[in-house]
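Have it open while you read.

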Amino acid sequence: MPGIRPVKLRVLWIPIVLLQAVTVLAQSSTQAEALHAVNRMSFGPAPGDVAHVMQIGVERYIDEQLNPERLALPAQLSQQLDSLTTTRLSQDDLINQYRDAQRAARTDSEAGKEQRREMVQNLVLQAGQARLMRALQSPRQLEEVMVDFWFNHFNVFSGKGLDRVLVENYEREAIRPHAMGRFRDLLGATARHPAMLFYLDNWLSVAPGYRPPSRTPALVKTGGLNENYARELMELHTLGVDGGYSQTDVTELARMLTGWTINPRRGSGGSVFYFDGSRHDTGTKNWLGRTVSDRGQAEGEWALDLLAAAPATAHHISYQLAQYFVSDTPPAALVERLARRFQETGGDIRSVLRTLLTSPEFRDPNNYALKFKTPYRYLLSSVRASGLPVTNVRPLLATANQLGMPLYGCQTPDGYKNTEEAWLNPDAITRRVNFAVAFASGKLPLERPMESNADLSVRYNPQWASEPVDAAALLTTLDGSISPATLTAIEQSDPRLRAALVLGSPDFMRY
Amino acid sequence: MHRRSLFKRTLLSGLGMLSVGQHAWAAIGEANQARPKRLVVIFLRGAVDGLSIVVPYADPGYYSARSSIAIDKPGHDEGALDLDGQFGLHPALSPLMPFWQAGKLAFVQASGSNDATRSHFDAQDFMESGTPGNKSTPDGWLNRLLGNLPAKPGNAESPTRAVSIGAVLPRIYAGTNPVANIGSGNSATKPTLLDRPAIGDAFDKLYNKDDKLSAAYQSSKQAHAEVLESMEGHATEETMQAEMLAANNGAPLPNGFPVDATRLATLMRNDNRVQLAFMALGGWDTHARQGAGKGQLANRLSPLGQGLAALANRLGPVLDDTVVVVMSEFGRTVHENGNGGTDHGHGNVMWLLGGPVAGGKVYGHWPGLSASALYEGRDLAITTDFRQVLAEVIGPHLSVESARLQNIFPGLGDTPRNHIGVLRA
């Protein structure tokens, strides 16, 4: 009998110890865990970021980032964004401005052309400014990361005609509101946005034999089907290239999407998407083994429903997310789990992200500092780590151009890749090093007023000098990111070069 | 004077690392007078419309399929430039006609990759890996070619034996053999902050390991030094001319092709180490309003023609040792679509330019454009495998023996050999 008591005591005692351990785990994280989470869920640690996550713990950080609406934007950032006119313009405003400027260019010759160039350049520049300001300063970092992810997934190219003036609106109205929402909403928003309709030519695609009303001047020949969007919709946006469709499926889907076009009625102040029934192919289609009879716009909406719910789509999106967040060659088991979650939740992006971010694969220390930064991420992470204010993003945009990743400048609909294979090359490393030296020593005009008509050159001009990066503060912010061997080499070098060496180090190329 | 001193400092700054390269330079400059054979590959990403480049004006199917975008017959306003009585060249490519007349320019019509895909990305992948239908090939054929080139004294160590122009390394160069890329634009051939000795030395100590990043850094630094050395005193005037030409043409040139082509030619002419070069140009995916003798496609072809002519002219005598291949992932539909454009197709045309080319001829069996001749009822059929053309160039021109060709294009030997004879005997 007396032997039983201690056993009972032990039984009572063990859960208390476990409970305490669990509480401790939920409350704080090690520096390595916190650094990894910040690296992958943001565009790199800014001063204080890693300490913050160590304190609240990775779990709470994930919660925080998955609910961006609860995080207030800093007043300074809101002011900067408010000062941009482009962020207030509607689709029809933008299109009509562009068309007015085009007309002016035809009649006014030089002055008109100049006006058009300036208007367009200003809009593209402001789009870049809004994007980079947010990516650099917003506490909703995961949202910014997802905007980058989805913009590339549903890429449009600012170099193509009307899209010059529409990219910012596309990001603002089609991508950003759904970045952590439902995939079907995102898919629909991109499908109906004029930037996508224009970029992949669906606005021109009409039923065979369609005749435009005689009063509208035929700027473009609209005499039949254009399968550009239908193909990329299945290959890139949803099913994936091996998703099990044929050339006939491409053509049939294009027929179902005839009539999805643009109508910029003046002053409507909203979406310019327009379903033009007179352009729609009313014949019966045979798509993915199904017979589709004429239902007008509903055919296209139904196709989007079906594509969004297809297992191949769940797999395709899950693979891309796992590649973006975990490893260039993502573990198949993780991709499978994410795809299941995608299907269970009807394509709820936030739920899929939660599964991903709390997965053992995401947290696996073998994946720490494994990914090679894209040029975009490299530039953002450098500036964020410095903690320096940026009022002029031109040097960053110019460097992104040089590094082969112009913002809004991916010409092809597949968007930019985020793998080491795509971005690690000899020229890339030395160009990044040159950027690091120029930036860290305060030689980039990042604090010049934006309105100055400076060219995009990053050549040194002493008048433009900004604050140099403080090496000690930088090393505190990036504590744990730089290997002992690199640190030793940096400590032995000229103190004036130390910040540049940190940002240009091999260690800082990865995250 | 100033440039000279900068140049000297550049050399001194990387002395330790450059010693290999400089010995190589000396070896080639003094001992090895034989001029190396070179191959330049220009990839037109986005599927260029080959039927608008080498126009089958004698095929009645051509004009019936393309009511608004066909290039007119030779002799008409904005018509094709006659090549051989059957085919004509797009008028925007007129700068290339002297090379045709001199027998240095040839085409292979109805060529391409036999895989059926109409995805740009898969098709490019297959053409760059050199293994159509096989997505798991890890390396690109140009990299495998580099590994199978006969050894030349000095060349094996040089990072500039194979170069790519552009900020990223293309799939075609993926692999284990070192390749240097030289960014597009003028800044690529100017001294940088990293060329300052104090800065260069400090970073050398961070990039001295046996890993990918260190290898990339070292390769880039050495290539940059070699490029500066080769471009010294040569670049400015001709590059500026090319830039003016491009500007006067009015068309926006996101790729600055004539400028980059001129720079590449200057580099090749002055640096015997460069044997393989690659450039890619985008913007060929003309789904709408592609135009005919004038218009969008013509506006793209124009700088391409100018750039190729500039490359060939600037190479001068080196053109006799050079073959330039222009290729694209697939052709476009024979019929124009509803918007004065063309959609993704199948067969296309390959271009071959250079002294060794048996030029002045359109090669390949022409399958015709009659409805029954079309691939899947819509596209130009392929009668010549692109790898066959490449193998015929690589084998004799670069002295790659046929056993080694199998390493570059595995499986090609299994198909019946249709020798088409694109090079001079």
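The points below go from chain A to the interface and then to the charged pairs.

1. Ground rules. This is a predicted model, with local features needing pLDDT of at least 70 and side-chain atom pairs counting only at pLDDT 80 or more, while totals for chains, interfaces and linings use all residues. Residues are numbered from 1 along each chain as its sequence is written, chains are lettered from A and ligands numbered from 1 in the order in which they are written, and side-chain values use heavy atoms, with hydrogens and water left out.

2. Chain A overall. I get 25 helices and four strands here, taken as DSSP runs numbered from the N terminus (H or I, at least four residues, for helices; E, at least two, for strands). Of its 511 residues, 58% are buried, meaning under 20% relative accessible area, with exposed over 50% and partly exposed in between (1.4 Å probe, protein chains only). Among contacts (heavy atoms within 4.5 Å) with a separation of 6 or more in chain A, 73% join residues 24 or more positions apart. The chain exposes about 21100 Å², 54% of it from carbon and sulfur atoms; areas come from the Shrake-Rupley method with a 1.4 Å probe.

3. The sheet in chain B. Three strands make an open, antiparallel sheet in the order β2-β4-β3; strands pair if DSSP finds at least two bridges between them. β2 (54-55) and β3 (81-82) of chain B are the edges, each pairing on one side only. Two bridges hold β3(B) to β4 (residues 88-89) of chain B, and B:Gly88 is the bridge partner of B:Asp82.

4. The interface. In all, 53 residues of chain B touch 57 of chain A. The two chains bury about 4100 Å² between them, 59% of it on carbon and sulfur atoms; that is the accessible area (1.4 Å probe) lost on putting the two parts together, summed over both. On the chain B side, B:Phe121, B:Leu206 and B:Leu213 lose the most area to chain A, together 16% of what that side buries.

5. A helix under cover from both chains. Which residues of α7 (197-204) in chain B are buried? They are B:Ile199, B:Gly200, B:Ala202 and B:Phe203. These fall within an arc of 165° seen down the axis, so they line one face of α7(B); the arc is that of the directions from the helix axis to the C-beta atoms. Their cover includes α22 (426-440) and α25 (498-503) of chain A, as well as α8 (212-231) of chain B.

6. One pair to check is B:Lys212 with A:Glu420, whose closest N and O atoms are 2.8 Å apart.

7. Pairs within a chain. A:Glu143 and A:Arg176 meet at 3.8 Å, N to O. A:Glu143 sits in helix α8 (residues 141-153) of chain A and A:Arg176 in the loop between α9 (163-175) and α10 (183-192), 33 residues apart. A:Glu143 is buried at 15% relative accessibility, and A:Arg176 is buried at 12%. In chain B, the salt bridge between B:Lys135 and B:Asp122 spans 3.0 Å. B:Lys135 is in the loop between α5 (120-129) and α6 (141-148) of chain B and B:Asp122 in α5, so the pair ties together parts 13 residues apart in sequence. B:Lys135 is partly exposed at 37%, whereas B:Asp122 is buried at 13%.

Technical notes
Salt bridge = Lys/Arg side-chain N within 4 Å of Asp/Glu carboxyl O.
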